[in-house]
Amino acid sequence: MLMKNSVADQKGRLKSILGGSAGNMVEWYDWYVYSAFTLYFAPIFFPKGDQTAQLLNAAAVFAVGFLMRPIGAWIMGIYADRRGRKAGLTLSVTLMCTGSLMIAVTPGYERIGVFAPIVLVLARLLQGISVGGEYGASATYLSEMAGKSRRGFFSSFQYVTLISGQLIALAVLLILQQVMTEPSLEAWGWRIPFAIGGVLAVIVFYLRRGLAETESYKNAQGAQANDAKAPRSSGLALFTKYPREAFTVIALTAGGTLAFYAYTTYLQKFLVNTSGFSREAASQITAAALFVFMVLQPAAGALSDRIGRKPLMVGFGILGVLFTYLIFSTLAGTKDPYVAFALSLAALVIVTGYTSINAVVKAEMFPAHIRALGVALPYAIANTVFGGTAEYVALWFKQAGIEYGFFWYVTAMIAISLVVYLRMRDTRQHSLIHED
């Protein structure tokens, strides 16, 4: 009987992890569709000008979405700590759905003038709130649902689904590039992926309503029910009672998130705008590299269950400092798609040391009653400052004629995070997630 119950528990745990992961995938598909189709819709929403200027405008709106992520992380992190991880996941996908559908149906600049970019900004603000809460809720949910011995492996699916969402966005782009003419895609075809995202988000809403709640949350709620003085989640409590953990999350995220966005969302534009590849070739190179990157995440997560989290993060820091400038500068001059793929993949292999385990590292640093907020808010702050501005900063350096400055900027931020990795404790040995 005990064996049957154990098997049933494992099946239920796996079902919950898969359910949470599927929802996360759709959330990030909706987020990345914006970046994947920027080259097509930027002329629609902004006044005519040179390509770099239009991309700068679109990148600025991308960054504006990140400005809402700390607010979303604060509000929805507290919501997930107090009302449940499942409730936080359901609310986040609702907001993402709304933002996607707004972009899908909004007329262009030529028809409604300045209202077009205004609506675009509003849609991205909603999506920024959604993603701000999504990361904390999903990272916490997956980390708490995974068993102690495989927590690194299962929590790595947070980035597997994040990357798969980006890959699906790129796949939709590649399909549309094949079946539609360039003028049609530029005129209205770019709206299709946003509509798809809105519909998928509705499906995920119903999927997430059926998820099981985590034992960590139930235990925290039980303690609060039995003791009116038990600690509760709040922004003030996070930075007054757990300041070291909160600022560690900000510092360890800074270099990792900047490298991730530089190597993923910006890389596609870099291949077009700097290396000189066609939009189709850049999409294919990026998609192929991202697919291998996605497959690597569980392997690296499983490795962290054996050797610890710290060695992987230190490895990312050292390799990132040594090779970031070399990879970008070589990419800038290559015309060979196979060389571009190899360099892009090398960059993504390096950043795997961060992406595969950053969710579980953050979750293991906080007690259950404030875990979702502790994971979400410091991460969102670092993402806003460094991840959300990556494209804008890169394009600013390019427009100023000193593109190599961006390569050194990424290198410097990775170096700062490396110092944190070297000084922090390995969370696998000091985890505050006590449930097996």
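Predicted model: local features only at pLDDT ≥ 70, side-chain atom pairs only at ≥ 80, totals over all residues.

Modeller: Residues are numbered from 1 along each chain as its sequence is written, and side-chain values use heavy atoms, with hydrogens and water left out.

Colleague: Why is the pair of Y159 and F260 called edge-to-face?

Modeller: Rings of Phe, Tyr and Trp (its six-membered ring) pair if their centres lie within 6.5 Å, and planes under 30 degrees apart count as stacked, over 60 as edge-to-face and the rest as tilted. Y159 and F260 have centres 5.3 Å apart and planes at 85°, so they are an edge-to-face pair.

Colleague: What makes F328 and F407 a stacked pair?

Modeller: Their centres are 5.2 Å apart with 5° between the planes, so the angle falls under 30 degrees and the pair is stacked.

Colleague: How do you know whether F328 is buried or exposed?

Modeller: Buried means under 20% relative accessible area, exposed over 50%, and partly exposed in between (1.4 Å probe, protein chains only). F328 has 1%, so it is buried, and F407 is buried too, with 4%.

Colleague: Why is R124 said to sit over the ring of Y34?

Modeller: The rule asks for NZ of Lys or CZ of Arg within 6 Å of the ring centre and within 35 degrees of the ring normal. The charged end of R124 is 4.2 Å from the centre of the Y34 ring, so the distance meets the rule.
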